[in-house]
Amino acid sequence: MDLISAVDIRYASADAKFSVREVKLAIVADVGSLARLPRILSDGHLRELALTGKDITAARAEKIGLVNDVYDDADAALAAARATAAEIAGNPPLVVQGIKDVLDEQRTADVAASLRYVAAWNSAFLPSKDLTEGISAMFAKRPPEFTGE
């Protein structure tokens, strides 16, 4: 989710799954998802994903606007991405870069500020028992037992 929230155009194969999993590990999503996703998803969809940590299908991701299109398989998604990249590459490079810079101007400052803020939050969670439990449960493939400590 961190990676796709940072890209310009998002395609997926039909079998793709998406989640903001960090809540299940007892940390705040910290690689920019929570800073970038509000520009992609509505507040309700974002909060549902971030607060539950549940997986969603590619079809659901397309329905809520997380991905632009869903293709039958990974090869078809990759072919579509390559075709779109070729189409973009056929445009004037300076103008394409200008469009990207203009579109990214406000987002860049917002993401940097959000990353600093979430780093402060997560540094406070490092000694928590819940963080240790979340990571242990993930590796043991069992549900975590959080205590709020």
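At 36% relative accessibility, D110 comes out as partly exposed, a label for residues between the two cut-offs of under 20% relative accessible area for buried and over 50% for exposed (1.4 Å probe, protein chains only). The model is a predicted one, so local features need pLDDT of at least 70 and side-chain atom pairs count only at pLDDT 80 or more, while totals for chains, interfaces and linings use all residues. Residues are numbered from 1 along each chain as its sequence is written, and side-chain values use heavy atoms, with hydrogens and water left out.

Back to D110, which pairs up with R39 in a salt bridge whose closest N and O atoms are 2.5 Å apart. The term salt bridge stands for a side-chain nitrogen of Lys or Arg within 4 Å of a carboxyl oxygen of Asp or Glu, and by this rule the count comes to 8 salt bridges. D110 sits in helix 6 (residues 93-125) and R39 in the loop between helix 2 (33-36) and helix 3 (43-52), so this pair ties together parts that are 71 residues apart in sequence. Helices here are DSSP runs of H or I with at least four residues, strands are runs of E with at least two, and both are numbered from the N terminus.

Another salt bridge brings the side chains of R60 and E48 together, at 3.3 Å from N to O. This one links distant parts of the chain, with R60 in helix 4 (residues 58-63) and E48 in helix 3, 12 residues apart. Both ends are partly exposed: R60 has 29% relative accessibility, and E48 has 26%.

Then there is R142, joined to E133 by a salt bridge with 2.6 Å between the closest N and O atoms. R142 is partly exposed at 34%, whereas E133, at 18%, counts as buried. As for shared partners, salt bridges join E48, K54 and R60 into one network.

Now for the rings. Rings of Phe, Tyr and Trp (its six-membered ring) pair if their centres lie within 6.5 Å, with planes under 30 degrees apart called stacked, over 60 edge-to-face and the rest tilted. The count by this rule is 1 aromatic pair. Y11 and Y71 make up an edge-to-face pair, 5.5 Å centre to centre with 80° between the planes. This pair also links distant parts of the chain, since Y11 belongs to strand 1 (residues 11-13) and Y71 to strand 4 (residues 69-71), 60 residues apart. Y11 is partly exposed at 24% relative accessibility, and Y71 is partly exposed with a relative accessible area of 24%.
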